Amino acid sequence: MAPLNLRQSSSPAQTLSSSSQDARLLVRETIRISASLAFAPSSPANSPPAIPPTLPAALESKNLRLGLVEDEYIDSNLRLICCEEIDGRRWKYVAENDPFGNFKKGSIRSVSLQTPLSPTDELVSFIRSYVVPEGFPDSVSPSYVPYMTWRALKHFFGGAMGVFTTQTLLTSVGVSRSRATPGAVAINWILKDGAGRVGKMLFARQGKKFDYDLKQLRFSGDLLMELGAGIELATAAMPNLFLPLACAANVAKNVGAVTSTSTRTPIYKAFAKGENIGDVTAKGECVGNIADLLGTGLSIMLSKRNPSLVTTFAFLSCGYVLSSYQEVKSVVLHTLNRARFTVAVDSFLKTGRVPSLKEGNLKESVFSFPWVHDSSVQLGCKFKDAFQDPGLYIALEPLFERERYVVTYNPVKNKVCALLKDQAKPEDILKAAFHGYVLNYSIRSSVKKQSASGKNRGHDYLGTIAMPGNIESLVAESCKMVSSTYGLFKYKAAEQGWVMSESLLNPGRARLCPE
C-alpha cells in the first residue's frame with residue numbers, strides 16, 4: 001500500500017510542475033509576441049494586431065481563459081467588459097487582470113472610440129443641447145426646423161422693436177424730459193399695465209377657438225402686437241395723449257400675448273414624437289429668448305445713432321409680420337378644422353383625392369379669422385336663418401328622414417345651411433358638414449355651367465337656381481352623391497393621416513327638436 005500512497009502524493013507535485021512549465025511558456029511567448037509587435041511594420045490604424053501563426057493553440061486557449069477575448073488586447077492584461085453609446089459617441093469599458101486572472105479592484109477604465117472633438121465642434125454640441133430636443137431630428141416632425149427658423153426671426157424683429165417702443169414710452173411719459181412728477185409717472189404706468197390685464201381677461205373668453213383656429217388666432221395675435229407697437233410709437237408725436245394711447249397699445253399687446261400663450265402647446269404637440277412635448281417646448285422657448293436678446297442688443301446699438309422712427313418701424317414691422325406669417329404656415333397639423341376641412345373636401349370633389357397633411361396645411365388660409373363667419377356653409381344654424389319658405393322645409397324633410405340633420409340653400413343670404421337635429425352625434429355633424437360642402441359645390445358647378453351656355457343672354461342664373469323646385473332637385477342630387485362618396489372621403493382622409501372631430505368644425509348650438 002505504501003508505493004501506491006507515494007504515487008498518489010507525487011501526482012499533485014507533477015501537476016504543479018506541469019502548470020509551472022505552462023506558465024513559463026506563456027510568459028516567454030507573451031514577451032516574444034510583444035517584441036515582435038513592437039518591431040513589426042505599421043498596420044492600418046483601425047486594424048487590430050493579428051496573432052502570429054507560431055502561437056500554439058494551447059496558448060490561445062489559455063489567453064481566452066484569462067479573459068483576453070479581443071485580439072487587440074492579446075498582449076495586454078486588460079479585458080474588454082462592454083461597449084456603450086452616449087449621444088452618438090461610443091465607449092469601451094475595460095478592466096485589468098492580476099497574474100491569477102482575477103479583476104483588480106478599481107481597475108475599470110473607459111476608452112473613447114472617437115477622436116477628441118475640436119473646440120468648434122464642442123461649441124456646436126453645447127449650443128445644440130440648448131436649442132434642439134434630445135434625439136433631434138428623429139424626435140420631432142420635419143416641420144420643426146422651418147417653424148423654429150421663422151420663430152427665431154420673428155422674435156429677433158420683436159426684440160429689436162421693443163427697444164424703440166420702450167424708449168419712446170419713457171420719453172413720452174416724462175421720465176427723460178422731466179415733465180411730470182415721479183408719482184404721476186408711476187400712476188400713468190400702472191394704469192397702462194392695468195388696462196392691458198383687463199384686455200387679456202376679456203379676450204380669454206374665446207375658449208375653444210384657441211384649439212381649432214389656432215393658426216388664425218396666432219397670426220391675428222401677432223398683428224395685434226404690431227398694432228400695439230405702432231400705437232406706442234405714436235405717443236412720441238402726441239405725448240399729451242400718453243395715457244389713452246399707452247392703454248390702447250397695452251390692451252392690443254396683451255391680447256396678442258394671450259393668443260401666443262394659448263396656442264403654444266397645440267403647436268408644440270404637433271412637432272413632438274412620443275412623450276417629449278416638455279423638451280420640445282423648453283427648447284422652442286429657448287430659441288425665442290436667444291433671438292429676442294440678439295435683436296435687443298442690435299437695436300440698442302442702432303438706437304445710439306438716432307435713426308428715423310418711421311423708417312425703423314416700417315422695416316422691423318414688415319420683418320415681424322412676414323416671419324409670423326411664414327411661422328404659422330410652416331406648422332403641419334393633423335386635425336381638420338373648418339379651414340382645412342374646406343380644402344380637403346374641395347380637393348376631393350374636384351380631383352377624387354384628399355390632400356396630404358403638408359399640402360392641406362399649406363392651402364389653409366390664415367386670414368379666415370374666427371370672428372368672421374364662413375360665407376358659403378353654415379353648420380348648426382337656426383331655422384329662421386336657413387328657410388324663408390316653409391314649403392321648402394316640408395319638401396326636403398323626407399329626404400333626411402334617416403339622417404340627423406337637414407341641408408338646404410338660402411338664396412337670400414347665398415349660404416348653404418346645415419341644421420342639426422337634437423339626436424345628432426359627432427359622426428352626424430361631420431356628415432352634415434360634408435353634405436353642406438357637397439351641396440355648395442353642386443350649386444356653384446351648376447351656376448358655372450349655365451353661365452357658360454348662356455353667357456350673353458343676361459340671365460340671373462343664381463336666381464334661377466334659387467327657385468324652390470330647383471333647390472329641391474339639387475338637394476336630392478347631393479343626397480345621392482353623399483351616400484356614395486362620404487365613406488370614401490373618410491377612408492382617404494384617414495389614409496393621409498387626417499384626424500376628424502366635430503368640435504373642430506365649430507358647429508352652432510341650434511338643434512331641431514321633435515314635435
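**Overview.** I counted 17 helices and eight strands in the chain. Helices (H or I, at least four residues) and strands (E, at least two) are DSSP runs, numbered from the N terminus. This is a predicted model, in which local features need pLDDT of at least 70 and side-chain atom pairs count only at pLDDT 80 or more, while totals for chains, interfaces and linings use all residues. Residues are numbered from 1 along each chain as its sequence is written, and side-chain values use heavy atoms, with hydrogens and water left out.

I looked up burial next. Of the 515 residues of the chain, 37% count as buried. Buried means under 20% relative accessible area, exposed over 50%, and partly exposed in between (1.4 Å probe, protein chains only). The chain exposes about 29,100 Å², and carbon and sulfur atoms supply 60% of that area. Accessible areas come from the Shrake-Rupley method with a 1.4 Å probe; for residues, only the protein chains shown count as cover.

I also checked contacts, meaning heavy atoms within 4.5 Å. Among contacts between residues at least 6 apart in sequence, 69% join residues at least 24 apart.

**Helix 7 against helix 10.** How do these two helices run relative to each other? Helix 7 (residues 214–234) and helix 10 (residues 309–329) pack at an angle of about 170°, with their axes 10 Å apart. They are therefore roughly antiparallel to each other. Axes are lines fitted to C-alpha atoms, for helices over the stretch in contact, and angles run from 0 to 180 degrees between N-to-C directions. Angles under 35 degrees count as roughly parallel, over 145 as roughly antiparallel, 65 to 115 as roughly perpendicular and the rest as oblique.

I listed the residues that make this contact. From helix 7 they include Phe219, Leu223, Met225, Glu226 and Leu233. From helix 10 they include Phe313, Ser317, Tyr320, Val321 and Val328. The residues of the contact divide into 11 nonpolar, three polar and five charged. Here Ala, Val, Leu, Ile, Met, Phe, Trp, Tyr, Cys and Pro count as nonpolar, Asp, Glu, Lys and Arg as charged, and the others, Gly among them, as polar.

I picked out Ser317 of helix 10. Is Ser317 buried or exposed? At 13% relative accessibility, Ser317 counts as buried. Leaving aside its neighbours within four places in sequence, Ser317 is in contact with Met161 and Glu226.

**Helix 9.** Helix 9 (residues 277–303) has 27 residues. From first C-alpha to last, helix 9 reaches 38 Å, close to the 39 Å expected at 1.5 Å a residue. The expected span is 1.5 Å times one less than the number of residues. Its buried residues include Val280, Lys283, Cys286, Val287 and Ala291. What do the buried residues of helix 9 pack against? I found helix 3 (119–131), helix 4 (144–173) and helix 8 (242–271).

Ile277 also lies in helix 9. At 31% relative accessibility, Ile277 counts as partly exposed. Leaving aside neighbours within four places in sequence, Ile277 is in contact with Thr265, Tyr268, Lys269 and Ala272. The C-alpha atoms of Ile277 and Pro266, 11 residues apart along the chain, are separated by 9.8 Å.

**Helix 11.** The 14 residues of helix 11 (residues 338–351) should span 20 Å at 1.5 Å a residue, and its end C-alpha atoms are 20 Å apart, which agrees. I found 10 of the 14 residues buried, so helix 11 is largely enclosed by the rest of the structure. Arg338, Arg340, Phe341 and Phe348 are among the buried ones. Just after helix 11, Gly352 takes a positive phi of about 85°.

Most residues other than glycine have a negative phi, and most peptide bonds are trans. I looked for exceptions. A cis peptide bond joins Phe136 and Pro137, with omega about 5°. Pro137 sits in the loop between helix 3 and helix 4.

Asn306 is not a glycine, yet has a positive phi of about 50°. I placed Asn306 in the loop between helix 9 and helix 10. Asn306 is exposed, with a relative accessible area of 64%.

Asn506, also not a glycine, has a positive phi of about 55°. Asn506 is in the segment after strand 8 (499–500). At 35% relative accessibility, Asn506 counts as partly exposed.
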